[in-house]
Amino acid sequence: MPVARPEPSDSRTRIIAHVDLDCFYVQVEQRKQPELRGLPTAVVQYNEWKGGALIAVSYEARKLGVSRHMRGDDAKEVCPQIHLVQVPVARGKADLNTYRNAGSEVVSVLARKGRCERASIDEVYLDLTDSAEAMLRETPPESLESINEEARKSHILGLKSEDANDAQENVSKWLCRSDANHQDKLLACGALIVAELRMEVLKETQFTCSAGIAHNKMLAKLVSGMNKPAQQTVVPFSSVKGLLESLPIKKMKQLGGKLGTSLQTELGVNTVGDLLQFSEEKLQERFGINTGTWLWNIARGINGEEVQGRLLPKSHGAGKSFPGPRALKTIASVQHWLNQLCDELNERICCDLDQNKRIAHNFTVYASAYKSCDSESYKKFPSKSCPLRYGTAKIQEDAFNLFQAGLREYIGSHGVKTLGHHHNGWGITSLSVSASKIVPIPSGTGSITKYFHGQYTSPFSKETQDSFVKEAMPLSPSVKAIQSWNQLISCNLRIMYRLWVYKSRKEFYGKIRIHLVLQQCRQMMVLAREPPHHYPQEVDVAHL
DNA sequence: CATTTTCTTGCT
DNA sequence: AGCAAGAAA
C-alpha cells in the first residue's frame, strides 16, 4: 500500500522530472539492427507458442494496430509486415542483460544533472531543483535570445492553443515570461534542462525518451507518457487542479490495481477529483492512516516523496515460468532449472561485485505450483531464504535445499505417498531465485576490528577466530612468512590471517592506509562464507 | 495451466 | 522471514 511522505523539510519548490524511454526494448534492438529503424517492430519473448509474447511495440507498429498483450502470431495477423525480434536466450531462458546494460547507459547520462533515481529498467526520476535554481540565477530563460529547439516543442499543460499553428511560439513565450511567478520560472528552467538532457541521451546512446517536468514525482510521472514518443510535458502549478479533477482514478500510479478498484466500488470515486469530497479522517478510517493520508494528498496534487539517489538496483532476480503442459513434474527437472537460474544469478552478483563493489547478503527461492489431486484447496508455494553464498555450486546447493524445504511444507499433511508412481500430485509452474540486501563494500580508512565485532558479522565462529589468532599467529610476521602462510593455510584461515596481519601491521607501523585491504577482506570473507547451519524448517503446528 | 520476467515497497 | 500488491517492457 502506498504511504504518505512528509514534504521535504526545507519546503523549497522542487523541480522533478520523470524520464521514460520510448518502447525501450525495441529501441535497443533497432540500435543493434539499424535497418529496423522506422519500421513496424516488436520484441517477443520466445516464439514456440503462438509466436511468443510481445513485450515492446514500436510506434509504427502501434499505428498499424499492434498492441502489447498480443502474441506474435496475432501481431503478424493484424500487421503482416511487422518485424519480430526475439529476446536473447541463455541457459534456456530469456536473458535481459542487454536491456539492463542499455538502461545503465542512459542513467549515466541523466545522472550528470542532479539527484537521479533509477526507477526501473527504462525509467528515471531526477531532482533538478538545484540546477534549475542555478540557471534562474545565472542564465534565466528570458535572457536567452533563442530557446533550444527541443525545449520549444515542450507541451505546457493548461497553456491555451496547444494545437494552434504557432504553438511553439506560445511555448517559447511561456518559457521566457518575465512576469511569471517564481515556481513557473523554475519549471521553465527544468524544462530547458530536461530538453538538453534528452538531446544528450540521444546523442550518446541513440535512444529517444519522453519526460514529465513538475513540482513532484507523482505529477512528473503522470505526464511523462502523455506525449510520446520523444516529447516532454510540463505541469505548471496552476494547471494541477484541472489536470486531476477529470483524471480517471486508475491512471494514477499505485491506483491501477486493487486499491483503485476498491475506491471505485466502495466510494464511487471514478476521477481523482471525486476524491476531494472525502475528509482525511474518512479516508484514513477506510484505508488506514498511511494510505488514507496519501490519498487525501494526491487528490490535491501533493506528494512529498523524495527522489532517491540510487543508480543501481536493490536486488537481482532470475526466473522462468513453466506454463501449461510444461509444468515441472519431477524433482530432477526442478533441480535442473534451479541450476540454470542460479548460474545466471551468480554471474550477475559477481558482476555487481566487480563493477560496483557491492555484496549481496540474502538469497531467496520462489516457486508457484499446483496440486493436481485437490484443485479445490489451492495453496501458495512458500518462498524460502537463507544467507547468500557466492559461487554457482554453492548457490545451487542452497537453492535446492530451500526448494525442498518449501516442497515439504507445500505438500503438507496431504503427504501423498507417490513414490514409484508416475503422477506426483504436484507441478511447478514457475521458479525464481533472487539476491537481495545488497550493500556497498565500505571504502575509506576504518578500524579493522569492526570486521570482527559489531558492525559486520564474521562468518566464522568465535572459537575459530580466537584459536586462529592465538595459535596460528607468530608475532610480527615477515613478508616471507606471509607468503608461505598464504600457500599453506586453508582459504578461511588465510582470510583470518590477512585480517590479523593488517591489523598488527597497523599497530606496528601506525600509518598504513587500509581501505583497500578492507575491501579485499570483506570480499574474501563473503566469498568464503560457510553454508547455513540449517535451512528453514517447517513448523510442527500440532506440537505447539 | 499461456505473457513473461523483472523489480520495489509495505504489511505482518 | 514471508507475503501481497503494483508497475513496467
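This is a predicted model: local features need pLDDT of at least 70, side-chain atom pairs count only at pLDDT 80 or more; totals for chains, interfaces and linings use all residues.
Helix 1 is mostly covered, with seven of its nine residues buried. The buried residues are Phe24, Tyr25, Val26, Gln27, Val28, Glu29 and Gln30. Their cover includes strand 1 (16–21), strand 2 (41–45), strand 3, strand 4 (83–86) and helix 4. Gln27 belongs to this helix, which spans residues 24–32. The relative accessible area of Gln27 is 9%, under the 20% limit, so the residue counts as buried. Beyond four places in sequence, Gln27 touches Leu21 and Asp22 on one side of the numbering, and Gln206, Phe207 and Thr208 on the other.

Phe24, Tyr25, Tyr99 and Phe207 form one aromatic cluster. Phe207 is also among the residues that touch Gln27.

The count of aromatic pairs comes to six. The ring centres of Tyr25 and Tyr99 are 4.0 Å apart, and their planes lie at 5°. This angle is under 30 degrees, so the pair is stacked. The pair joins distant parts of the chain: Tyr25 sits in helix 1 and Tyr99 in helix 4 (residues 97–110), 74 residues apart. Both Tyr25 and Tyr99 are buried. A second pair is formed by Phe381 and Tyr410, with ring centres 5.2 Å apart. Their planes lie at 35°, so this pair is tilted. Phe381 lies in the loop between strand 13 (358–371) and strand 14, whereas Tyr410 lies in helix 15 (residues 392–411). The two residues are 29 residues apart and link distant parts of the chain. Phe381 and Tyr410 are buried.

Two charged side chains sit over aromatic rings. Arg62 lies over the face of Tyr59, at 4.1 Å from the ring centre. Lys217 lies over the face of Tyr125, at 4.7 Å from the ring centre.

DNA strand B is surrounded by 28 residues. The closest are Arg5, Lys314, Gly317, Gly319 and Ser321. Of the atoms of DNA strand B that come within 4 Å of the protein, 75% belong to sugar and phosphate. A backbone N or O atom of Lys314 is 2.3 Å from one phosphate oxygen. For Gly317, a backbone N or O atom is 2.5 Å from a phosphate oxygen of DNA strand B. Ser315 uses its side chain: a polar atom there lies 2.6 Å from a phosphate oxygen of DNA strand B. Strand 12 (316–321) gives the largest share of the surface near DNA strand B, six residues. Strand 3, strand 6 (93–94) and strand 12 each supply at least two residues. By class, this surface holds 12 nonpolar, eight polar and eight charged residues.

DNA strand C has 25 residues around it. Arg68, Glu123, Lys221, Gln254 and Ser383 are the closest. Sugar and phosphate make up 84% of the atoms of DNA strand C that come within 4 Å of the protein. Gln254 places a polar backbone atom 2.3 Å from a phosphate oxygen of DNA strand C. A polar backbone atom of Leu259 is 2.8 Å from a phosphate oxygen of DNA strand C. Lys384 makes a side-chain contact, with a polar atom 3.3 Å from a phosphate oxygen of DNA strand C. Helix 1, strand 3 (53–57), helix 11 (258–267) and strand 14 (384–387) each give two or more residues to the surface near DNA strand C. The residues of this surface divide into nine nonpolar, six polar and 10 charged.

Ser262 is found in helix 11. Its relative accessibility is 12%, under the 20% limit, so Ser262 counts as buried. A polar atom of the Ser262 side chain lies 2.9 Å from the backbone oxygen of Leu259. Leu259 is also the residue with a polar backbone atom 2.8 Å from a phosphate oxygen of DNA strand C. Leaving aside neighbours within four places in sequence, Ser262 is in contact with Leu267, Arg286 and Phe287.

Terms used:
Residues are numbered from 1 along each chain as its sequence is written. Chains are lettered from A and ligands numbered from 1 in the order in which they are written. Side-chain values use heavy atoms; hydrogens and water are left out. Helices (H or I, at least four residues) and strands (E, at least two) are DSSP runs, numbered from the N terminus. Buried means under 20% relative accessible area, exposed over 50%, partly exposed in between (1.4 Å probe, protein chains only). Contact means heavy atoms within 4.5 Å. A residue is near a molecule or strand if one of its heavy atoms lies within 4 Å of it. A polar contact is a pair of N or O atoms within 3.5 Å; within protein, one must be able to donate a hydrogen and the other to accept it, and residues adjacent in sequence count only if both atoms are side-chain atoms. Ala, Val, Leu, Ile, Met, Phe, Trp, Tyr, Cys and Pro count as nonpolar, Asp, Glu, Lys and Arg as charged, and the others, Gly among them, as polar. Rings of Phe, Tyr and Trp (its six-membered ring) pair if their centres lie within 6.5 Å; planes under 30 degrees apart count as stacked, over 60 as edge-to-face and the rest as tilted. A charge sits over a ring if NZ of Lys or CZ of Arg is within 6 Å of the ring centre and within 35 degrees of the ring normal.
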